[in-house]
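I opened this notebook to record, entry by entry, what I looked up in the structure.

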Protein chains: 2
Amino acid sequence: MISKSDIKYIQSLSHKKFRDEAGLFIVEGVKMTHELLLENKQLVKKLFAVEEWIKTNKSLVGKSIEIVQVEDFELQKISTQKNPQQVIALVSMPEFSIKTYNPDGVTVVLDRLQDPGNLGTIIRTCDWFGVKTIICSTDAVDAFNPKVVQSAMGSILRVNIIYSDIVEFLASHPEVPKYAAVLNGKSIHQIDFKKPCIIIIGNESLGISDQILGKEVTKISIPKYGSAESLNAAIATSIILSNCVR
Amino acid sequence: MISKSDIKYIQSLSHKKFRDEAGLFIVEGVKMTHELLLENKQLVKKLFAVEEWIKTNKSLVGKSIEIVQVEDFELQKISTQKNPQQVIALVSMPEFSIKTYNPDGVTVVLDRLQDPGNLGTIIRTCDWFGVKTIICSTDAVDAFNPKVVQSAMGSILRVNIIYSDIVEFLASHPEVPKYAAVLNGKSIHQIDFKKPCIIIIGNESLGISDQILGKEVTKISIPKYGSAESLNAAIATSIILSNCVR
């Protein structure tokens, strides 16, 4: 049985303001919670789960984490998903700081990215390609938004996501080559990507701000063979990473 | 002023059954409608738009297409989006047939793809890379689902999307090389893609069915450098196409 105040509290965590205040975000579903308990158990603060899940996972959870048993209709109330799956976890937000950032391999910089699905997919793709750090402009969508978490899957806790003034960030690393994804740049197939390097991806409809494009960056593009006006931001990021990382 | 029966009719078109019966689907928003009127005017059957849009676009629409002027609250009722944008078009579904299919360049085959956002993004990416035909298994998500249309953008009418028995389809083209995206295949960087060819992408969680993998296909993979368990299906498709098309 879940209390009314718990319901209200969990629902509040779908808003950035309350997530930041609490230092907590929501992870949903059997698969992600399982991965979380295996890899980052110390971050799990509380679990809300149906009886069936608790029976199966009791030993994995151990005694240090509080579990609240809920009915299906209660899970529906606290879930952000249409079809909630057995369990919801309250998880501490990892704290990554720009101060400890070190250029290493490939860093992805996101300028005003707005779509939660895009950010989640970019996080998952970065994790696939071994990209350890994503720097988001402070006005980009929040990484702990439930939709971002859902599409990032387990990668949300494996990639360092830092919100910062990206103009300042780029200026503070003059020695690192910077590649900016635009529609009229040099073909990615003609670029010999240096490492460490920084890949810059822009907003879904506005692209990269002039303030950044005016600085020392190499403009790069994915060659087009057909008619679409542009590529989705997560798709562009993934194709560039696939070329840059190999 | 929009009639009650129009509202009901348009709302019904968010279901595949009614779309198929009517042979119509919905296109929303200023940008897509503009593209549609420029490139495929003959497919537009009726427009529902606010006064402002009608004033600006009257000459583009011409006299052959019926326009119903609606208020913002009416647009809200017939839209599938949270923030509808000025105009909704009823559009004839193009009819593509497997009978007229000709292997040409790269063909993408989707086995049981379920997520509308993924299909939409794959359509847009195919259009970027000049892929003319997508063959979907009959149990894949419907291409004229409003969410697919929204993420495919103008590409929805530039790529031929055919629903068919894909096992039969693959068997009927024994001469065309087939590349199947799996997690343990040969690196895409070591493949010398022949053309014409067929790229096969599987369901988001189940991958490609054994029935297809048991046939003559080359299993291919995107090399992994990090920790994510898998890549999103649209991301995988785009990275493979980027390597295959160039």
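Entry 1: Contact here means heavy atoms within 4.5 Å. Helices (H or I, at least four residues) and strands (E, at least two) are DSSP runs, numbered from the N terminus. Helix α3 covers residues 30–39 of chain A, and its buried residues are A:M32, A:T33, A:E35, A:L36 and A:L37. Buried means under 20% relative accessible area, exposed over 50%, and partly exposed in between (1.4 Å probe, protein chains only).

**Entry 2: the ground rules.** I recorded that this is a predicted model, in which local features need pLDDT of at least 70 and side-chain atom pairs count only at pLDDT 80 or more, while totals for chains, interfaces and linings use all residues. Residues are numbered from 1 along each chain as its sequence is written, chains are lettered from A and ligands numbered from 1 in the order in which they are written, and side-chain values use heavy atoms, with hydrogens and water left out.

**Entry 3: the interface.** How many residues does each chain bring to the contact? Chain B gives 31 residues and chain A gives 31 residues. The copies meet through the same surface, because 100% of the interface residues of chain B are also interface residues in chain A. The area buried between them is about 3000 Å², with 59% from carbon and sulfur atoms; buried area is the accessible area (1.4 Å probe) that two parts lose on being put together, summed over both.

I then found two salt bridges across the interface, a salt bridge being a side-chain nitrogen of Lys or Arg within 4 Å of a carboxyl oxygen of Asp or Glu. The side chains of A:K31 and B:E229 form a salt bridge, at 2.8 Å from N to O. On the side of chain B that touches chain A, the elements giving two or more residues are α6 (116–128) and α10 (233–245) of chain B. The largest share, seven residues, comes from α10(B).

**Entry 4: a serine in a strand.** I placed B:S92 in strand β4 (residues 87–92) of chain B. B:S92 counts as buried, because its relative accessibility is 14%. Setting aside residues up to four places away in sequence, B:S92 touches B:G23, B:L24, B:F25, B:L43 and B:K45.

**Entry 5: an aspartate in a loop.** Is A:D111 buried or exposed? A:D111 is buried, with a relative accessible area of 4%, and it lies in the loop between β5 (106–110) and α6 (116–128) of chain A. Beyond its neighbours within four places in sequence, A:D111 has contacts that include A:S137, A:I166 and A:S209.

**Entry 6: backbone details.** I noted a cis peptide bond from A:K195 to A:P196, with omega near 0 degrees. A:P196 is in the loop between β8 (178–187) and β9 (197–201) of chain A. In chain B, a cis peptide bond joins B:K195 and B:P196.
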